[in-house]
Amino acid sequence: MNTDAIKLSLLTYIKHFGLYDYLAFGWLIFTFLVLIILASLIAKRSAVASLLLIIFALILLVVSPFFIKIKLGETIRPTTTEVNMVKKLTFSDSLIVEGTIYNASQKDFTICLVQTFVYKQVATQGLKAFINKLKPIANQSIFVKENLPKEGSLDFQSVFEDFRYNGDVNATLKAECY
């Protein structure tokens, strides 16, 4: 996954903050400040404990936003995706991936960021398949600006131009809907 896809995902997430996002990040900042104040209060008694508490607070501040995003995405905005078709065109250097997004949440969505990853198809299921998923041949992020009602589905299509890999490929999808 390249840095542009990560940056686009995070900016889209921040732009579509909801009430629970603000509450979770507010709680994180409150907890961080309480830990820093507690570390300064116990600094006279034990410098080592104070330093460990500050290190723990910094690690919490850096790592927690990613877990908050993942957990809120699973509970508040759950979606599932399915790849319907992966087809390499014969007379063109293009690859078409068709998929479906299913809304499993209790609210309607108006926009989805869909990330499509294309990787080499491997007959085995072991370490080589895992490594191929870490380094895709191509990836693409698109916005699908259509209404997706609760418990509904939405079909979409990703087209990869100048796709020159001749072997068999698989694709995976990831959707973040707001």
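**Ground rules.** I am working with a predicted model, where local features need pLDDT of at least 70, side-chain atom pairs count only at pLDDT 80 or more, and totals for chains, interfaces and linings use all residues. Residues are numbered from 1 along each chain as its sequence is written, and side-chain values use heavy atoms, with hydrogens and water left out.

**Sheet.** I looked up the strand order and found an open antiparallel sheet of 3 strands, S1-S2-S5. Strands here are DSSP runs of E, at least two residues long, numbered from the N terminus, and two of them pair if DSSP finds at least two bridges between them. From one strand to the next, I noted an average twist of 20°, with axes as lines fitted to C-alpha atoms and angles running from 0 to 180 degrees between N-to-C directions.

**Pairing.** I then followed S2 (residues 95-103), which pairs with S5 in the antiparallel sense over 8 bridges. Opposite Val97 I found Ser158 in S5.

**Disulfide.** How many disulfides does the structure hold? I found 1, taking a disulfide as a pair of cysteine sulfur atoms within 2.5 Å. The sulfur atoms of Cys112 and Cys177 are 2.0 Å apart. This pair links distant parts of the chain, 65 residues apart: Cys112 lies in strand S3 (residues 112-120) and Cys177 in strand S6 (residues 169-177). I noted a right-handed link, with 110° about the S-S bond.

**Burial.** Both Cys112 and Cys177 are buried, meaning under 20% relative accessible area with a 1.4 Å probe and protein chains only.

How values were computed
Helices (H or I, at least four residues) and strands (E, at least two) are DSSP runs, numbered from the N terminus. Buried means under 20% relative accessible area, exposed over 50%, partly exposed in between (1.4 Å probe, protein chains only).
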